[in-house]
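My entries follow in the order in which I looked.

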Amino acid sequence: MLLRPLLRRGAAAVSAGGLRAPAVRPDPPACLASLLLASRSYAKAKGGGKPAASTSNRGKVRVKDPKGVASEDASASGESAASAGGADEIDAEFEMPTDPLPPTYDPALDVGPGGRPLFAFTDTFASFSHRGANAYVDFSLDEWKAMLPEGLPTGMMKEFQDTRRCAVMVRESFLDLRDNFRRIVDPAITAKRKGYELALSIFFLYLSSDTKRQIILDGPRSCGKSIALAMLVHWARTEGWLVFYVPQGRDWTHGGFFYRNTYSDFFDTPVQAGKVLQDFLKYNETRLQQLPCQIFEPIPLGEGTGVGMMKGADTVEMPEGSTLYDLIQTGITHSHAAVGVVVRLRKELSLVKDVPVLFAIDQYNSWFTFTEFQEPVTVRSCRSIHAKELTMVNAYRSMLHNDMMVGAFSHSTAVGKLRQELPDVPSDARLIFPRYTVDEAETVCHYYMRQKIIRRESFSEEKWKKIYYLSNGNGSEMRWLAAFI
């Protein structure tokens, strides 16, 4: 309706003999200009454009700089940092932040609950007793990668990035897990302690019949199962054990190349087999060169990675005097033998008696559900392949043996809730791993205050208890809520 008079005037001007020059509009008043500018900024923000920069920081949650404390310039020029491109963000995601405080330990800052030291000065988890629990052990990222070259759990890396320090807390639940396997290898080791700990050692010896060789770590999400498993592997390797560690069990059932083995009727995954052998060799190379092979039956060959079956050979034999190192090198060099070598390695490790052997599998629940692989059934339908149909999973999943084995469930892999009784697993193997207790949560909040996640002037017992009860002891939620104190 409002445009009709304008159109009539324009038509009349054209019919009168030509177009007239547009009239120059006067500048709007200052108050009207401010309103127009505000409305344009609002429309830009609502329409998906870049909103106008605000000069006030009230009501904004400021993201911490992963390389240290965020600079004032970065907070003042948010638009320029955002327009710099996504390459810096990707690089920063994979860089390990450093501690913003001085690298030297300050007794005035490193104080835990009750005035106790927050950090324990040790390079191993073996020296910890139950009396010294709820203390942090500080390692560098290079030390962690040297002890766990297969990879670190995702939750542990997230903790390191948010706190800007590669420290972990030694919990009572971890010490119980460690002592369980320690008593299996050497039941009398606790008798070396004195006084109060000697009485505890006698009590533990009476409970030695309750030790478990096979354990499944289950529990709520973000309660520390994967971190406890990584700490157990770290401790076992410092003790000289031979540990077969799989930090990402889901990778065995997702990705890569697969095919049906006509001899075993299982599905082989040579890509995963080659990676498993390479990872196992990273830390244990020296030890494997000292362990001889005890099984000399021919190893069946399968299809290589995208190259099909080997012509003129169905098996490969290991010569007399070969070591486990030679066996693994055979699987790495020849992809046709990779899956067969991984299966043979499982049998060989069960026969090792010179050194304790531990199997540690994270994301163990991924081996009790379906994979992402599908087998064609008809022209228009496919059948999902279960994890138990994979050759490697079938060889390593069972806990019905006398070997020491720990499997940790991961509820971040969208596997779903499994039934209580699992196939090939003892009925008493499942151990519910607890969330943080009140004492552990207090230590964690003191550590976050030390790392400047919590401001020291705002820290109080009332506030950290609110965080604990609000998160119900969930580690990830406590770390997220700590920034709001």
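**Ground rules.** I am working with a predicted model, in which local features need pLDDT of at least 70 and side-chain atom pairs count only at pLDDT 80 or more, while totals for chains, interfaces and linings use all residues. Residues are numbered from 1 along each chain as its sequence is written, and side-chain values use heavy atoms, with hydrogens and water left out.

**Helices α15 and α17.** I took helices (H or I, at least four residues) and strands (E, at least two) as DSSP runs numbered from the N terminus. Helix α15 covers residues 438-450 and helix α17 covers residues 475-482; they pack at about 40°, with their axes 11 Å apart. Axes here are lines fitted to C-alpha atoms, for helices over the stretch in contact, and angles run from 0 to 180 degrees between N-to-C directions. That angle makes α15 oblique to α17, given that under 35 degrees counts as roughly parallel, over 145 as roughly antiparallel, 65 to 115 as roughly perpendicular and the rest as oblique. I noted a right-handed crossing of α15 past α17, the term for a near helix turned clockwise from the far one by less than a right angle, with anticlockwise being left-handed. From α15, A441, V444, C445 and Y448 meet G475, M478, R479 and A482 of α17, where contact means heavy atoms within 4.5 Å. By class, this contact of α15 with α17 holds six nonpolar residues, one polar and one charged; Ala, Val, Leu, Ile, Met, Phe, Trp, Tyr, Cys and Pro count as nonpolar, Asp, Glu, Lys and Arg as charged, and the others, Gly among them, as polar.

**Helix α16 with its two partners.** I next looked up helix α16 (residues 461-471), which packs with α17 at an angle of about 140°, the axes being 9 Å apart. The two, α16 and α17, are therefore oblique to each other, and their crossing is right-handed. I467, Y468, L470 and S471 in α16 meet E477, M478, L481 and A482 in α17.
The axes of α15 and α16 come within 10 Å and cross at roughly 120°. V438, A441, E442 and C445 of α15 make this contact with W464, Y468 and Y469 of α16.

**The two sheets.** I counted strands as paired if DSSP finds at least two bridges between them. Five strands form an open sheet in the order β5-β10-β13-β4-β14, with parallel pairing, and the twist averages 20° from one strand to the next. Within this sheet, β10 (residues 357-362) and β13 (residues 404-408) pair in the parallel sense over five bridges, and I361 stands opposite G407 in β13.
The other open sheet has three strands in the order β1-β2-β3, with mixed pairing. Its edge strands, β1 (119-120) and β3 (167-170), each pair on one side only. Strand β2 (residues 135-138) pairs with β3 in the antiparallel sense over four bridges, and V137 stands opposite V168 in β3.

**A salt bridge.** Which side chain does R450 meet in a salt bridge? I found D110, at 2.5 Å from N to O, under the rule that a side-chain nitrogen of Lys or Arg lies within 4 Å of a carboxyl oxygen of Asp or Glu. The pair links distant parts of the chain, with R450 in helix α15 and D110 in the loop between α5 (87-94) and β1, 340 residues apart. By this rule I count 20 salt bridges.
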